[in-house]
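Here are my notes on this model, in the order I would look at things on screen. Have the viewer open as you read.

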Amino acid sequence: MEVTTRLTWIQEKLLEQLLGKASLTLLYKSSVHQFITLDITKRCSNQGSTMTVIHLKQNIVGVFMLEQFPLLRSEKSSTCVWFSFRQGSSTGMSALVLNTQVEVSVTQLKFFSPGGFSLIVDPRNYELHLSAEVIKELQLDLKGVSPYLECEIFRVDGIKRDPEFIKKMVTVKQYRKKLLSALRAYRPHEDLVPEVRILLVGPVGSGKSSFFNSVKSAFQGHLTRQAIVGSDEDSVTKQFNPCKPKEVRLSTYCTSPPLKDRIHCVAYVLNINSVNMLSDQMVAKLKKIHRDAVHCGVREVALLTNVNNCDEVLDDNFLNMTESMTSRSQVKNVQDMLNIPIANILMVSNYALERSLDPLKDVLIFAALNQMLRTANDSLEDLFLKETASANDSLKRRSRLRK
Ligand SMILES: Nc1nc2c(ncn2[C@@H]2O[C@H](COP(=O)(O)OP(=O)(O)OP(=O)(O)O)[C@@H](O)[C@H]2O)c(=O)[nH]1
Ligand SMILES: [Mg+2]
């Protein structure tokens, strides 16, 4: 008979997402397999990375182990993620990355980390022993010894075997939260305009509509496809007809729109895989837009889409782009072509075929939007100063004429 996990589908997804896009295969279940720890090692060693999950009445507590599950005692400490969340809750997981010694004795499975962290599974008595440090850091409302209902161990596939990557995956969700609250708190410079206007411009199929959808999805917390995306020779999005630009002589044409109706940031949206192959005609078009933007005092960013290796774009603190990314020829090319500073060259992987959100993608999307908003604020500051200066000039001129 097939042994199935006690985890619900949502809990399983939550644990898989803790490490990116992992998949879990059940190796050991205490209520089905023998409760001696030797049986655990027989089933779990030589399987690669594992996740031990302990089901308590109100909580799930566990440890992910990057290196091999030991036969007896791990010789070196292993990169482990200690985690907990409440039963019935699909959010609010607490997690810690700790270098951990793992030991399998005849009767117990033990995890120890410096700083007083210890978690001991006693399968004979169905008891979980937690040190005060673990209880505090994992925000558990438990006593030192608690009865548990089930202990399961899974093989974990589909993750990068890199401790730095694991650390990033665990911290990314906290950073996502930070960025989201910064974005929600955003206000245009000096409240000069009620909302900022960002122009997304770029070749057909470069990902403009997808970026719009990605921002909306990341904000809403679920995937949405409000703007129509697709691939065609001509533009899929018809916001206006590019063959019939608005004419200056039209009575409705406004030659000097108020600040609130102007573009405050131009974002050149380019597929990172085709930046180096843009036609001369396209480069000329983009350069013309760049000259116009400079003339109008509007600041610019470049948004490179279709980035595959999301986890390599930002450094461990999620603040700056990594050197391996900034030194890429596509970045240099954009910098030279449009004279855009490196801090304004942004990278994202839009939601395209995904079926669920990915916190790493969200972080890149939010970071890109954040930089666009900052850039818009720089434009607003400049445009306002310029407008104030020219208004003062004309006042002076008028008063001189009156004299
Ligand atoms: N994998 C991947 N696919 C993307 C990304 N961005 C866009 N796509 C795909 O590229 C195709 C074109 O994307 P759109 O967002 O429609 O491009 P657009 O710039 O709005 O195109 P037009 O409106 O036709 O000018 C779609 O099939 C998208 O799913 C990305 O970052 N990663
Ligand atoms: Mg479009």
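**Notes on the model**

1. Let's begin with helix α6, residues 280-296. Its 17 residues reach 24 Å from the first C-alpha to the last, close to the 24 Å expected at 1.5 Å a residue. Glycine 297 follows α6, and its phi is positive, near 75°. Please keep in mind throughout that this is a predicted model.

2. Now for the whole chain, which holds 9 helices and 14 strands. Its radius of gyration is 28 Å, whereas the globule rule gives 22 Å for 403 residues; the chain is therefore more spread out than a compact globule. You can see the extent in the C-alpha trace, which spans about 100 × 50 × 35 Å along its principal axes.

3. Buried residues make up 34% of the 403 in the protein chain. Among contacts with a separation of 6 or more, 68% are between residues 24 or more positions apart.

4. Which strands does β2 pair with? One of them is β3 (residues 59-65), which runs antiparallel to β2 and is joined to it by 6 bridges. The hairpin from β2 to β3 passes through 3 residues, and threonine 50 has methionine 65 of β3 as its bridge partner. Strand β10 (residues 150-157) also pairs with β2 in the antiparallel sense, over 6 bridges. There, valine 53 stands opposite glutamate 152.

5. Finally, two backbone details in loops. Tyrosine 126 is not a glycine, yet its phi is positive, about 50°. This tyrosine sits in the loop between β7 (117-122) and β8 (127-130). With 17 other C-beta atoms within 10 Å, tyrosine 126 is partly exposed.

6. Glutamine 139, again not a glycine, also has a positive phi of about 50°. Look for it in the loop between α3 (132-137) and β9 (145-147). Is glutamine 139 buried, exposed or partly exposed? It has 13 other C-beta atoms within 10 Å and counts as partly exposed.

How values were computed. Residues numbered from 1 in each chain as written. Chains lettered and ligands numbered in written order. Predicted model: local features only at pLDDT ≥ 70, side-chain atom pairs only at ≥ 80, totals over all residues. Helix = DSSP H or I, 4+ residues; strand = E, 2+ residues; numbered from the N terminus. Buried ≥ 20, exposed ≤ 12 C-beta atoms within 10 Å, placed from the backbone. Expected span 1.5 Å × (residues − 1). Pairing = 2+ DSSP bridges. Rg over C-alpha atoms; globule rule 2.2 N^0.38 Å. Contact = placed C-beta atoms within 7 Å.
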